[in-house]
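User: I would like to learn how to read packing features in a model, taking them one at a time. Could you give the general idea in each case and then turn to the example at hand?

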Amino acid sequence: MNEAGAIIGALGVWTWFVLGTVLLLLELVAPGAVFLWFGIAAFFVGILALTIALPWQVQILVFAILSVVLIFAYRRYFRARTEESDRPFLNKRGEAHIGQTFVLTDAITQGRGKVRIGDTDWRVSGPDLSKGETVKVTGTDGAVLQVEKVGSNG
């Protein structure tokens, strides 16, 4: 009997409940919904081992398979579903300005300039243009708005 078999043999089915508890506590420290599924799998194997006499090798195999299945199920069904926010641009302020037009407050020279939006100066990138030109936001690169001259064909 190897080390894993010795541990499971010494503690019996309680090994799985102890392991499940440890994994769930790890999830509290390192969130990411990975240890959660391993912990649930361990509890499931513990319950299974209480009801059916299984060799420790089968218990470990069931734990491994169930862990993988639970993680893939989580990623496929739960993680993929995102709720629509009432503030979709909360952490993407620049994207909220795509399609809008603004007047350059600083000329774009060597690809960089500025526009004023509300009470904030935004850095912009685009073709060299003079101060006072009207530009349209076409995209973002981090906190820099990508712009083109209004009326240009891009």
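User: Leaving aside its neighbours within four places in sequence, which residues is Val115 in contact with?

Analyst: Please keep in mind that this is a predicted model. In soluble globular proteins, nonpolar side chains tend to be buried together. Here, once neighbours within four places in sequence are set aside, Val115 is in contact with Phe102, Val103, Leu104 and Thr105, with Thr120, Asp121, Trp122 and Val124, and with Val135 and Leu145.

User: Which residues make up the largest nonpolar core?

Analyst: That core has twelve residues in all, namely Phe102, Leu104, Ile108, Val115, Ile117, Trp122, Val124, Leu129, Val135, Val137, Leu145 and Val147. At least two of its residues come from each of the strands S1 (101-109), S2 (112-117), S3 (120-125), S4 (134-141) and S5 (144-149), and S1 gives the most, with three residues. A second, separate core has seven residues, among them Leu23, Ala41, Phe63 and Leu66.

User: Where does His97 lie, and is His97 buried or exposed?

Analyst: His97 lies in the loop between H4 and S1, and it counts as buried because its relative accessibility is 13%, where the cut-off is under 20%. Apart from its neighbours within four places in sequence, His97 is in contact with Phe102, Ile117, Trp122 and Val137.

User: How should I read the packing of helix H3 and H4, and at what angle do they pack?

Analyst: Two packed helices are described by the angle between their axes and the distance between the axes. For helix H3 (residues 35-51) and H4, the angle is about 140° and the axes are 8 Å apart, so the two are oblique to each other, and their crossing is right-handed. On the H3 side the contact involves Trp37, Phe38, Ile40, Ala41, Ala42, Phe44, Val45, Leu48 and Ala49, which meet Gln59, Val62, Phe63, Leu66, Ser67, Leu70, Ile71 and Tyr74 in H4. By class, the residues of this contact divide into 15 nonpolar, two polar and no charged.

User: At roughly what angle do the axes of helix H2 and helix H4 cross?

Analyst: The axes of helix H2 (residues 14-29) and helix H4 (residues 56-78) cross at roughly 25° and come within 13 Å, and that angle makes H2 roughly parallel to H4. The crossing in which H2 passes H4 is right-handed. Trp16, Leu19 and Leu23 of H2 make the contact with Gln59, Ile60 and Phe63 of H4, and by class this contact has five nonpolar residues, one polar and no charged.

Note on methods:
Residues are numbered from 1 along each chain as its sequence is written. This is a predicted model: local features need pLDDT of at least 70, side-chain atom pairs count only at pLDDT 80 or more; totals for chains, interfaces and linings use all residues. Side-chain values use heavy atoms; hydrogens and water are left out. Axes are lines fitted to C-alpha atoms, for helices over the stretch in contact, and angles run from 0 to 180 degrees between N-to-C directions. Helices (H or I, at least four residues) and strands (E, at least two) are DSSP runs, numbered from the N terminus. Angles under 35 degrees count as roughly parallel, over 145 as roughly antiparallel, 65 to 115 as roughly perpendicular and the rest as oblique. A crossing is left-handed if the near helix is turned anticlockwise from the far one by less than a right angle, and right-handed if clockwise. Contact means heavy atoms within 4.5 Å. Ala, Val, Leu, Ile, Met, Phe, Trp, Tyr, Cys and Pro count as nonpolar, Asp, Glu, Lys and Arg as charged, and the others, Gly among them, as polar. A nonpolar core is a set of buried Ala, Val, Leu, Ile, Met, Phe, Trp, Tyr and Cys residues joined through side-chain atoms within 4.5 Å. Buried means under 20% relative accessible area, exposed over 50%, partly exposed in between (1.4 Å probe, protein chains only).
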